[in-house]
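Welcome! Here is a short briefing to read alongside the model, grouped by topic so that you can follow each point on screen.

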Amino acid sequence: MIMTVKMEHIFYALEDHFSSSISIKKHLFAEGFIAYIGGIDEAKFNVFLQRLPHPQPEELIDEVKNFFKKNAIPGWVYVVPKNLDTPALQKALKGHGIVFDEASTVMYCALSNPVQSAVEPELPLIIQSADVNKAGWLQIMKNAFGGTDETNAQYAQALDRAKAKGTNMLHFLGCQDGEPICAITLTFLDDGVRIDNVSTTPTHQRLGYSTQMVQFSMNLAHALGYKHCVLEASADGLGVYQRLGFSELFIYHVYTTRPALMS
């Protein structure tokens with residue numbers, strides 16, 4: 001139990017570090033209740049995090065709604081650990097037009113040894129810093145996660161914000177014959193690293209390339225002396241991370257707003 005609490009603390013510290021780095025605004029409602037405005041016109045970059053129980057979900061949601069409304073943010077997400085997602089909270093969210101979107105699994109791995117992958121692509125990637133082809137890196141993100149040219153440009157600005165703040169954040173590109181097909185981001189803090197933006201172009205998915213990118217990232221962090229690695233996994237990516245030694249810490253429930261209902 002003590003070890004699990006420590007792992008969760010590491011995850012939350014890295015989550016806050018990453019989110020604060022890319023966002024234009026952070027607001028702490030109270031300890032364990034935090035909002036981020038990402039400066040990107042997609043709901044998933046405007047986030048409210050609930051990490052502790054709250055006795056009055058209706059009052060909390062009203063406060064969160066007013067915060068985003070005051071900052072002219074029409075779309076945002078409400079993120080809460082599954083064990084705190086009570087029937088009372090679900091009822092309150094639904095009443096405010098905030099609907100369940102997805103579950104994501106928070107995962108942890110100790111970087112005690114180099115990782116040997118269980119899956120090797122037939123044609124391994126050449127992995128290099130994304131600085132050699134920033135446009136290619138961003139295009140992979142767009143191809144894998146959707147969005148528009150405008151939101152893609154806004155995300156590039158968010159990464160520039162992180163750099164300007166001095167965040168130790170690295171971006172890598174996986175290529176074949178000079179063609180970018182995979183992307184990944186690493187954010188370092190203290191003795192831990194957070195993995196984000198694991199993405200592969202649709203034509204190259206399910207061939208082991210994401211596994212190679214994550215393995216490369218874990219081994220790089222291990223070689224640099226980092227001891228802990230965390231990430232959030234979708235249902236599709238869960239098996240990849242489990243094969244690489246990650247275990248589940250907890251599950252996030254993600255709710256998203258329907259702007260037309262958010263008056």
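Which residue in strand 10 is the bridge partner of Arg 194? The partner is Val 230. Please keep in mind that this is a predicted model.

- The model has an open sheet of 11 strands with mixed pairing, and the strand order is 1-2-3-4-11-5-10-9-8-7-6.
- Strand 1 (25–30) and strand 6 (126–129) are the edge strands, each of them pairing on one side only.
- On average, neighbouring strands of this sheet are turned by 25 degrees against each other, with direction ignored.

**Strand 9 and its neighbours**

- Strand 9 is mostly covered, with 9 of its 9 residues buried.
- On one side, strand 9 pairs with strand 8 (residues 179–189) in the antiparallel sense over 7 bridges. Thr 187 is the residue that stands opposite Arg 194 here.
- Strands 8 and 9 form a hairpin with 2 residues between them. Asp 190 lies in that turn and has a positive phi of about 55 degrees.
- Strand 9 also runs parallel to strand 10, joined to it by 3 bridges. To get from strand 9 to strand 10 the chain passes through helix 6, in a β-α-β crossover that is right-handed.
- Strand 10 is also joined to strand 5 (residues 98–110), by 6 bridges, and these two run antiparallel. In this pairing Ala 110 stands opposite His 228 of strand 10.

**Salt bridges**

- How many salt bridges does a search of the whole structure find? The search finds 6. In general terms, side chains of opposite charge can pair when their charged atoms come close.
- Arg 194 and Glu 232 meet through their side chains in a salt bridge, at 3.4 Å from N to O. This pair links distant parts of the chain, with Arg 194 in strand 9 (residues 192–200) and Glu 232 in strand 10 (residues 228–233), 38 residues apart. Arg 194 is buried, at a relative accessible area of 5%, while Glu 232 is partly exposed at 31%.
- Salt bridges with shared partners also join Glu 15, Asp 16 and Arg 51 into one network.
- Are Asp 16 and Arg 51 buried or exposed? Asp 16 counts as buried at 17% relative accessibility, and Arg 51 is buried at 13%.
- Lys 142 and Asp 149 form a salt bridge too, at 2.4 Å from N to O. Lys 142 is partly exposed, with a relative accessible area of 21%, and Asp 149 counts as exposed at 56%.

- Asn 197 is not a glycine, yet its phi is positive, near 60 degrees. Asn 197 sits in strand 9 and counts as buried at 12% relative accessibility.
- Arg 206 is not a glycine either, and has a positive phi of about 65 degrees. Arg 206 is found in the loop between strand 9 and helix 6 (209–223), where it counts as exposed at 75% relative accessibility.

**Cysteines**

- The structure holds 0 disulfides.
- Cys 109 counts as buried, at 7% relative accessibility.
- For Cys 175, the closest cysteine sulfur is in Cys 182 at 8.9 Å, again too far for a bond. Cys 175 counts as buried, at 4% relative accessibility.

Methods:
Residues are numbered from 1 along each chain as its sequence is written. This is a predicted model: local features need pLDDT of at least 70, side-chain atom pairs count only at pLDDT 80 or more; totals for chains, interfaces and linings use all residues. Side-chain values use heavy atoms; hydrogens and water are left out. A salt bridge is a side-chain nitrogen of Lys or Arg within 4 Å of a carboxyl oxygen of Asp or Glu. Buried means under 20% relative accessible area, exposed over 50%, partly exposed in between (1.4 Å probe, protein chains only). Helices (H or I, at least four residues) and strands (E, at least two) are DSSP runs, numbered from the N terminus. Two strands pair if DSSP finds at least two bridges between them. Axes are lines fitted to C-alpha atoms, for helices over the stretch in contact, and angles run from 0 to 180 degrees between N-to-C directions. A crossover is right-handed if, with the strands pointing away from the viewer, the path from the first strand over the helix to the second runs clockwise. A disulfide is a pair of cysteine sulfur atoms within 2.5 Å.
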